[in-house]
Amino acid sequence: MNKTQALEYLRNNPVFWSRLGFCYDPPIADEKGDPLVFQPDFSRQLKIHDDFSDAGVKIHTCILHSGWIGVEKYDYSLCDKVLNGIFASGKTKYFIPRIKLNVPVDWCYKNPEEILVYENGPRLAEDIRRLVGTEKHDWLGYDSPVGYYNAGAWKDTRPNVGGLVSLQSFSSEKWLNDAGEALKRLVIHLENSPYADKILAYHIAYGACGESMLWGRQNGKFGDYGISNRKHFHKWALKKYGSEKELEKAWGRFGEDIIPPSHLREKTPESSNGFYKDDLLDRWSIDYDLFTSEINVRALEHFGKIVKENTKDKPVGAFYGYVMMMERTAYSGHLGWEKLLSSRYVDFFAAPKSYIRCCPGEPGGEMVPAISVNRQRLWVDECDNRTHLTVGDNHQNASTPEETYAVQLREMCKNISHNSGLWYMDLGGGWYDDSGIMNNISHLMKASEKIRLSEHKSCAKIVVIVDEKSIMKTYPNVTRKTEDFLRELQLCGAPIDIIFSFDTNCHDFSKAKLVVILTPLYMNEEKRAFLKERLPDNCKIAFCGKTEGDFGFKLCETKSPDAPTYAICSKDVLPIIEKDGICICAENQNGDIEISDILKMRVEDIKTMLSHTDVLCLAPTECAVYEDSRIVSFFPRKNMTFVPNISKGKYRDFMTEEPYIWGTPLKIKAKSGLALIKE
């Protein structure tokens, strides 16, 4: 199987992830000197892997110990035990190892200048070294009084709170070289094992939670003021500006650190001038965020290249690019999509699903514009949705078997309609220990396998455009506002495509009736003219701006005096006034400047806005719809009976395969769902 075939196989066949071999990261030893594994007895995990195989899931994955246990020390005993276990029954067809490349603690002691330092941490190598291994050494990248997250499998005796230093700096060339050597050794070990042909792809992981996430993001801490990072950022800045004089002129910086202080890096609308950072006043911090994304992309490509060179070009994947939900996206180095989607070294990407709209009755969601990712590479959605069997968790769990089945149907339909892959995740253990759940998954596998044989084509008439460069300049708390708006938009009863702005030249807008520009774009006259040319004559454009004080065409207004106004215009009157390359406002037809507040809109307001367009909603308000050329599906928040506005044709039920007679009312319970296959 070549790379292209392997990626298509991964797109069309769901994956199962378990805690098999789940161990401490950074690697530490147990009382016997072996890598600390939270559940040394693999029997329960292996049984659930076999159950998923029996249900038709052909690809399996887990965190596979890298073997890197210390400075120039390698031990593959745990790795081999996991591999032998996963293939012992003969049921697992393919395996994808997730390989964490965070450094061992003794590496930090030997290389203090190469680790991340928080803003309130030391600046000298020996002062940094003295903190290694102490309670001031942040091993996780986030504060946790109970230590390492292991879903209750083991009681960590080391609280992880108040760290001043962490693990490797993402800019460290020493880390790239040493972790690269560990990766190369492991890949060679695997490719020379009896299971080489069964390893479908490799999943690279590092940083907080293995999600290529810079240490400190989750707790609002600020790095990286370490020696290596300061040196590399200074070098990057001199290359950009040409001299120290021009650099200081650009930044107007003060103090000893080359890294900007926290109060300049993440201002809020309350402490500054509105929605955006200022190109001049905030150039120092904007440059640092650009640098962080560049070094993160460099690391991903570096490790991907090592896998490629030591396999027959097997696919490489990574967690990356959480632009749709995650606050502090720029801090984490997750704004390098445009480069990564053209990279030869990374083929698929993944992220957890959107946590704030994932429970039964919600529309679900993704952290990225999956349509754009799938156009060039592959998006694999991590469906770690909590079932009704989940205990000790609070991530919008299902409460009944029926709710579990509905969420699983929604996630399957969502990813089919976006042409994405997906994996099921048993993070806590025991989430799928139920014959009803496994029977439901078996039905999903059989139906989806047939559906995926047909060609995917989008049916969405609403297109949302997301711009990386704008996100780089927005404040972190804006992310949640856009997430809330997207949730309401998804509940309007119509399918939606979400794309990156740099993908507009490839997207088919022929069916588009409404284009929503989620953040004001960096658009010059050429880009505006191009977008106008691409849109159909009857397509409308709505654009978001600052939550307070932004401007736009206000050609429509909701009836309620308390409802937000919004901007909507025809393609012939696109926003034309710019500031620092951002479309921030435009005059309306009367030559007046008026306010746009689209991010505060609720679903009723959105329905009013849609009434000024040619968008035909397939279902009533408060019902999410996922549709492509192969399926159409409905997931309401409340009990509904309605005749769907779908094209006349032959349909059958996704789960039961019973025919649906076109024009017959659908009766769907709240927090449930129904999907139809197009014949």
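**Helix 6 against helix 10**

Modeller: In this predicted model, the contact between the two helices is formed on the side of helix 6 by Glu173, Trp175, Leu176, Asn177, Ala179, Gly180, Leu183, Lys184 and Val187, and on the side of helix 10 by Arg298, Ala299, His302, Phe303, Ile306 and Val307.

Two packed helices are described by the angle between their axes and the distance between the axes. Helix 6 spans residues 173-191 and helix 10 spans residues 283-309; their axes come within 9 Å and cross at roughly 30 degrees. Because angles under 35 degrees count as roughly parallel, helix 6 and helix 10 are roughly parallel to each other. Their crossing is right-handed.

Trp175 lies in helix 6 and is buried, its relative accessible area being 0%. The C-alpha atom of Trp175 is separated by 9.5 Å from that of Ala299, although the two residues are 124 residues apart along the chain. Apart from neighbours within four places in sequence, Trp175 is in contact with Leu101, Val103, Trp107, Gln168, Ser169, Phe170, Gly180, Tyr206, Ala299 and Phe303. Among these partners, Ala299 and Phe303 belong to the helix 10 side of the contact described above.

The second pairing has another geometry. Helix 7 (residues 227-241) and helix 8 (residues 244-251) pack with their axes 8 Å apart, at an angle of about 95 degrees. Helix 7 is therefore roughly perpendicular to helix 8. Here Phe233, His234, Ala237, Leu238 and Tyr241 in helix 7 meet Glu244, Glu246, Leu247, Ala250 and Trp251 in helix 8. The residues of this contact divide into 7 nonpolar, 1 polar and 2 charged.

There remain the cysteines. A disulfide is a covalent bond between the sulfur atoms of two cysteines. With a cut-off of 2.5 Å between cysteine sulfur atoms, the count comes to 0 disulfides. Cys617 illustrates this: the closest cysteine sulfur to its own is that of Cys492, at 4.6 Å, which is too far for a bond. Cys617 counts as buried at 13% relative accessibility, and Cys108 is likewise buried, with a relative accessible area of 0%.

Methods: Residues are numbered from 1 along each chain as its sequence is written. This is a predicted model: local features need pLDDT of at least 70, side-chain atom pairs count only at pLDDT 80 or more; totals for chains, interfaces and linings use all residues. Side-chain values use heavy atoms; hydrogens and water are left out. Buried means under 20% relative accessible area, exposed over 50%, partly exposed in between (1.4 Å probe, protein chains only). Axes are lines fitted to C-alpha atoms, for helices over the stretch in contact, and angles run from 0 to 180 degrees between N-to-C directions. Helices (H or I, at least four residues) and strands (E, at least two) are DSSP runs, numbered from the N terminus. Angles under 35 degrees count as roughly parallel, over 145 as roughly antiparallel, 65 to 115 as roughly perpendicular and the rest as oblique. A crossing is left-handed if the near helix is turned anticlockwise from the far one by less than a right angle, and right-handed if clockwise. Contact means heavy atoms within 4.5 Å. Ala, Val, Leu, Ile, Met, Phe, Trp, Tyr, Cys and Pro count as nonpolar, Asp, Glu, Lys and Arg as charged, and the others, Gly among them, as polar.
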